[in-house]
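Work through the exercises below with the structure in view. Each task is followed by its solution in steps.

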Amino acid sequence: MSGRWPLVGWLYLLPLALAARAVGPGPDPAAPARYWVSFADKTGVAFNPARYFSPAAQARRHRQGLPAYEATDLPVRPDYLARVRAGCDTLTLVSRWFNAAACRATPAQAAALRQLPGVVRVVRWPEALAPAALAARPASAPVGPGRHDELSTNDYLLARQQTAVLGRAALGRAGLTGRGVRIAVFDVGYNGVETHPAFAALRRDKRIVATYDFLKNRVDVFRTGSHGTEVLGCLAGRLPGRTEAAVDSLAAGPLLGLAPDATYLLARTESLARERIGEEEAWLRAAEWADREGADIVSSSLAYTAQRYFPEWMDGRHSLIARAANIAARKGMLVVSAAGNDGDDDWGRIGTPADADSALAVGGLDPATGLHVAFSSTGPSADRRLKPDVSAFGIVLTTTPSGYERLEGTSFSAPLVAGFAACVWQQQRRLGAMEVFRQVRASSELYPYYDYAHGYGRPRAEYFTAPAAAKVKEPTFDFVAHDSVVVVVLRPTATLPSTRPLPLLTDPDEAGLAWLATLGPAAAPALAATPPATPTAPPDAAPVGQEKPTTDDNAPLPPAAYPARLYWHLANARGVLHRYEVRAVAQRVMLQLPRRLLHGGTVLRVHYQGYTGEYSEK
């Protein structure tokens, strides 16, 4: 691996170098550039945690048994900052967590900064790429349907299924809607949120409690893009009800996300036109702000990749925001991060901050198959840790500034899981952030099996609402060792189709079907004529934060239940996978593997119908 990725990295840089040569000479070496200035100590600074932290932040720390404050919460020494500010062109960031500042300075100024008292390090902070590489890329397409009578049967069913597969009905029966949990959303902007009927309850109950634009340093986040509007829809949005009057009531249409009753903090950290290093600084500032304002969860639908980093740097230690995400976890916040949309391009793997050890990375699933969708970035991290951690639908129905649209991208998988985590935290309020992280992973459909496309799979509400039924699984297959091969044979009882009662419309999980009446008299025939779901190859997804609407209104509907499939992988003694695969079940003998592949501590792990077994040569 060490010999491969540097070559790939140079291949990424080659087009940029050619572009730079084409536009003329390189930048002036004496021109101002970004620098990161680290300080030695915080000796003598005054700090009152009761005045700095909001009551919600203090309560979060108390619930989790965390100290009222720690050294990273103390402010940076004012005298150090004053000297740096006087010796540079512009001070762009001050970070308590890192005891550091970012600034723009000339090389001569940087050399002088290194000599200042209290400064322990001044390093060049990565600059933006060449102009040719940073041309604006397409953002989400214009507004989709604006009225509920323009939504199709498929739209309503997709909206219901994106939450149903995570256990919306079980959560609803348990009264788990995210109430009392604070979720900070980091994104491009939230155009339309202040008027969209999908968020009427949020506005009525005043549950958007704080907003801030960390790029323009203002509180207004509602004028600078709509990707955050789309993401917020997968947390707290609703479809329209039967009548226009129902829109402003809690009896409005089906939920688009799992945390309609949570409290929200909306931060703008991303630029519309291009990705700059300043956006990582904005993410760090927003994380420190979210900590101060008492956020429990950070939902982050962005992923930095080839524009800024080499693949071997996706180890949770190189990027600023990966390190910030790990600090956020220490403060008691759960960071839920989109894995990225590079699964079917040359980059392929997850982006940052999903690579952070303490960030819950979320991959995308195809609603038609329940399996990994091609554009969703895969793992592992550069240091061979499991990523993504879990998965949710990567093709969803969600809100746009004045309507609803089908969109695709892991940007929407992440908020679906963030809403799930909010329900878990509502039920078990005293859990620590990393305990929620571990429990969400443990609740997932494949656990303890995993792979680098699905992680542990879809989180399941039944793990929390009906733990005895969710955790006890009978064996569904056996390992049979022969002289040279080991065979995986399904048990007869596991190959028989299970009986399923037909749901009633009064079942909370099926109540959304009642809203199909709003689609007119053609709804029932259209539903009956829907062909069975078949695997599809969706078009390439745009980068995270710049996803486009899906273009196929006739895409296969999510089925009520996916067919049973067998998952298997080979892992070394450290748990690093050599190979993994998903197989359709067509016979009882599902796998024949040469035993020579199982030498040296290699483990064969198999998952089928909720049961995971493993085989190794002793």
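**Exercise 1.** Which strands does helix α10 (residues 277–292) lie across, and at about what angle does α10 run to β5?

Solution. This is a predicted model, in which local features need pLDDT of at least 70, side-chain atom pairs count only at pLDDT 80 or more, and totals for chains, interfaces and linings use all residues. Residues are numbered from 1 along each chain as its sequence is written, and side-chain values use heavy atoms, with hydrogens and water left out.

Step 1. Helices (H or I, at least four residues) and strands (E, at least two) are DSSP runs, numbered from the N terminus. Helix α10 lies across β5 (182–187), β6, β7, β8 (297–300) and β9.

Step 2. The angle to β5 is about 170 degrees. Axes are lines fitted to C-alpha atoms, for helices over the stretch in contact (heavy atoms within 4.5 Å). Angles run from 0 to 180 degrees between N-to-C directions.

**Exercise 2.** Give the strand order of the open sheet of seven strands, and find its edges.

Solution. Step 1. The order is β6-β7-β5-β8-β9-β10-β11, with parallel pairing; two strands pair if DSSP finds at least two bridges between them.

Step 1. β6 (208–213) and β11 each have a single partner strand, so one side of each lacks a neighbour in the sheet.

Step 2. Direction ignored, neighbouring strands of this sheet are turned by 25 degrees against each other on average.

Step 3. Ala-210 has Leu-265 of β7 as its bridge partner.

**Exercise 3.** Is Asp-389 buried or exposed, and what does its side chain reach?

Solution. Step 1. Asp-389 lies in the loop between β10 and β11.

Step 1. Its relative accessible area is 1%. Asp-389 is therefore buried (under 20% relative accessible area; exposed is over 50%, partly exposed in between; 1.4 Å probe, protein chains only).

Step 2. The Asp-389 side chain reaches the backbone nitrogen of Ala-361 at 2.8 Å.

Step 3. Leaving aside neighbours within four places in sequence, Asp-389 is in contact with residues including Phe-437, Arg-441 and His-454.

**Exercise 4.** Which residues of helix α13 (residues 433–442) are buried, and what do they pack against?

Solution. Step 1. The buried residues are Ala-433, Val-436, Phe-437, Val-440 and Ala-442.

Step 1. They pack against α11 (320–330), β9 (334–338), β10 (359–365), β11 (390–393), α12 (410–427) and α14 (462–465).

Terms used:
A polar contact is a pair of N or O atoms within 3.5 Å; within protein, one must be able to donate a hydrogen and the other to accept it, and residues adjacent in sequence count only if both atoms are side-chain atoms.
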